[in-house]
Amino acid sequence: MCYWMRVTHLVCLENLEEVTEYCRIPVEKIDIITGAMGHALATEGGFCTGSARVTNHQRLSSSGYVFSASLPPYFASAAITAIDILEENPGLITKLKKNIAILWKGLSAIQGLSFASSPES
């Protein structure tokens, strides 16, 4: 079985093990992890990581399907700055999680509105 995990909203996570534990999948069983920086870090770009076998396959087989170019310097700088801010202010993630809980509670009270995700996401 192949496990693929997409971590788009990574800013809400304290570590990858938190996600794998929630999904009940041991981290060593995940073959490929992809992520985007657009939502979490207010910039563009993304990443793909996994074993050498998987990343070689991605690099060699996906060029016909995916346009690839290096990230513009201003996007890379924005991502680095966002990560620096989060590292310098770890309370921001706690505050974000509290705000998410408040928003979730408020939206849950609206009749006829349903959610496809969990309150932790």
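Mentor: Let us begin with the word helix, which here stands for a DSSP run of H or I with at least four residues, numbered from the N terminus. In this predicted model, Leu107 lies in helix 5, which covers residues 91-108.

Trainee: Why is Leu107 called partly exposed?

Mentor: Buried means under 20% relative accessible area and exposed means over 50%; Leu107 has 28% relative accessibility, and therefore counts as partly exposed. Setting aside neighbours within four places in sequence, Leu107 is in contact with Leu113 and Phe115.

Trainee: Why does Ile110 count as partly exposed?

Mentor: Ile110, found in the segment after helix 5, has 43% relative accessibility, which lies between the two cut-offs, so Ile110 is partly exposed. Together with Leu113 and Phe115, Ile110 makes a nonpolar surface patch of about 240 Å².

Trainee: What makes up the largest nonpolar core?

Mentor: That core has five residues in all, namely Met37, Ala40, Leu41, Ala79 and Ala82, and helix 2 (38-41) and helix 4 (73-88) each supply at least two of its residues. Leaving aside neighbours within four places in sequence, Ala79 is in contact with Met37, Leu41 and Thr43.

Trainee: Why is strand 2 described as largely enclosed by the rest of the structure?

Mentor: Strand 2 spans residues 30-36, and six of its seven residues are buried, so the strand is largely enclosed. Strand 2 also pairs with strand 3 (residues 46-50) in the antiparallel sense over five bridges, and the bridge partner of Ile32 in strand 3 is Gly50.

Methods: Residues are numbered from 1 along each chain as its sequence is written. This is a predicted model: local features need pLDDT of at least 70, side-chain atom pairs count only at pLDDT 80 or more; totals for chains, interfaces and linings use all residues. Side-chain values use heavy atoms; hydrogens and water are left out. Buried means under 20% relative accessible area, exposed over 50%, partly exposed in between (1.4 Å probe, protein chains only). Contact means heavy atoms within 4.5 Å. A nonpolar core is a set of buried Ala, Val, Leu, Ile, Met, Phe, Trp, Tyr and Cys residues joined through side-chain atoms within 4.5 Å. Patches are made of residues with over 30% relative accessible area and no salt bridge: like charges are joined within 9 Å, nonpolar side chains (Val, Leu, Ile, Met, Phe, Trp, Tyr) within 5 Å. Accessible areas come from the Shrake-Rupley method with a 1.4 Å probe; for residues, only the protein chains shown count as cover. A salt bridge is a side-chain nitrogen of Lys or Arg within 4 Å of a carboxyl oxygen of Asp or Glu. Two strands pair if DSSP finds at least two bridges between them.
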